[in-house]
Amino acid sequence: MMGDAMDVARRWAGSGMAFLTGDPDIAPDFTRAPVLDAAAQTAAPFGVEAGVLIAGRAGLAGYTRAGRTSAGGGTRMIRCRDGWCAFTLARPTDVDMLGALLETDESIVDPWRMLIDVAGDRTAEGLVERGRLLGLPCSVLASHAGEAVVRQQLWPTCAPRPVGADLLVVDLSAMWAGPLCGQLLRGLGATVIKVESPDRPDGARYGNPDFFKWMNGGKLFFSSPLTDQSAALAGLLDVADVVIEASRPRALEQAGLNASTRVPRPGRVWVKITGYGSGPDTGGRVAFGDDAAVAGGLVGASPGGPVFCADAIADPLTGLEAARAVLEALSRGGGEILDIAMAGVAARYAAIPPLPPDTDLTDIAVQPPPTPQISRIARDVVDTHWITQLIDNRRGNPC
């Protein structure tokens, strides 16, 4: 058992995950090392290294571990009167909401300091509940134990099918988890069309350009308003074999593009990535990778309390789990909606027994996160005429 634990620890150290987990002024944390081995099993069908998928963004950005501040800096774990919570202040609107969250008219000069000072007198659940009502990405530590993947049979099935160039994937998602799912399917040979609204392009475009290329290189790009008034987009969804979306449920419902409005297509698989699931009480909650990981309890340990595990780990794990769920759905003949919750994925991995505390970590060399290989394939933009021809070619041939 100890030999196995040592091997697990070495893989964690070599992947860059240890470099990203723990307090910055002491030795890295290894408690969550078995998570990497579990992720590697999920990644095996795609021929990719799980450590690169999870730590690659940090490698591109030069992140390191920062304890209870996330590697990317946008999320912090905060001690409340009765426990720990996490808040993400990554968007200007998040900072704008702090006055309402803290019930103060004071000028907010240092948002984090003010939040930390007030949190000590509040319960974690009370503070987070108020944050949720204001649309803030926030969570109570280990508060979510929901399912990672919920299946719903909505359309007829087809014969089981592998992933190949004839599998059409339409990617409506943005940032990390959804695009990674699409990229993993593209790596198996699927044709993936990334749809972006001209008014609201993928937010990842405003960050590290290599990260956007990593997630989306080799996909076809189609610009279209996200509304059913776009006949080309509506028709594209109707002939797609796999659809990936990562917006809050109400957004696509209001656009008239949600799964239940589409023409029935046997064998279709529709992936819905959310923070906490699509239920009436959870579908509207905002989540980012770090606060969703905290909700699921997927955190490291330090003498002073919990610390962030890797870099926004719920994002890449969710993308990986979503891609695997698509493969499994296709093997069953499809016809399914897959509701995949980031916090549920984090909870699934948090349930993996941690590394034994007596594991000898002497002389284990900790490596920084790897830099992933970036596809330099020129972006291939397709227009409405091209999409219309594709729709005509695929109508009446669902399986």
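Guide: Start with Q153, which stands opposite E336 in β12. This is a predicted model, where local features need pLDDT of at least 70 and side-chain atom pairs pLDDT 80 or more, while totals for chains, interfaces and linings use all residues. Residues count from 1 along each chain as its sequence is written, and side-chain values use heavy atoms, leaving out hydrogens and water.

Q153 falls within strand β4, residues 149-153, which pairs with β12 in the antiparallel sense over 5 bridges. (Strands are DSSP E runs of at least two residues, helices H or I runs of at least four, both numbered from the N terminus; a pair of strands needs at least two bridges.) V269 opens strand β9, residues 269-274, which runs parallel to β12 and is joined to β12 by 6 bridges. Further along, V271 has L338 of β12 as its bridge partner.

Now look at the side chains. E336, L338 and I340 point one way from β12, I337, D339 and A341 point the other way, and all are buried, meaning under 20% relative accessible area with a 1.4 Å probe, protein chains only. With 6 of the 6 residues of β12 (336-341) buried, the strand is largely enclosed by the rest of the structure.

Zoom out and you find β12 in an open sheet of 8 strands with mixed pairing, in the order β4-β12-β9-β8-β5-β6-β7-β13. The edges are β4 and β13 (380-381), each pairing on one side only.

What lies across the sheet? Helix α8 lies across β5 (168-171), β6 (191-196), β8 (242-245) and β9, the parallel partner of β12. The helix runs at about 155° to β8, angles being taken from 0 to 180 degrees between N-to-C directions of axes fitted to C-alpha atoms, for helices over the stretch in contact.

α8 (residues 177-187) also meets helix α13 (residues 314-331): their axes come within 7 Å and cross at roughly 45°. The residues making that contact (heavy atoms within 4.5 Å) include A177, L180, C181, L184 and L185 of α8, and P316, L320, A323 and L327 of α13.

Key: Buried means under 20% relative accessible area, exposed over 50%, partly exposed in between (1.4 Å probe, protein chains only).
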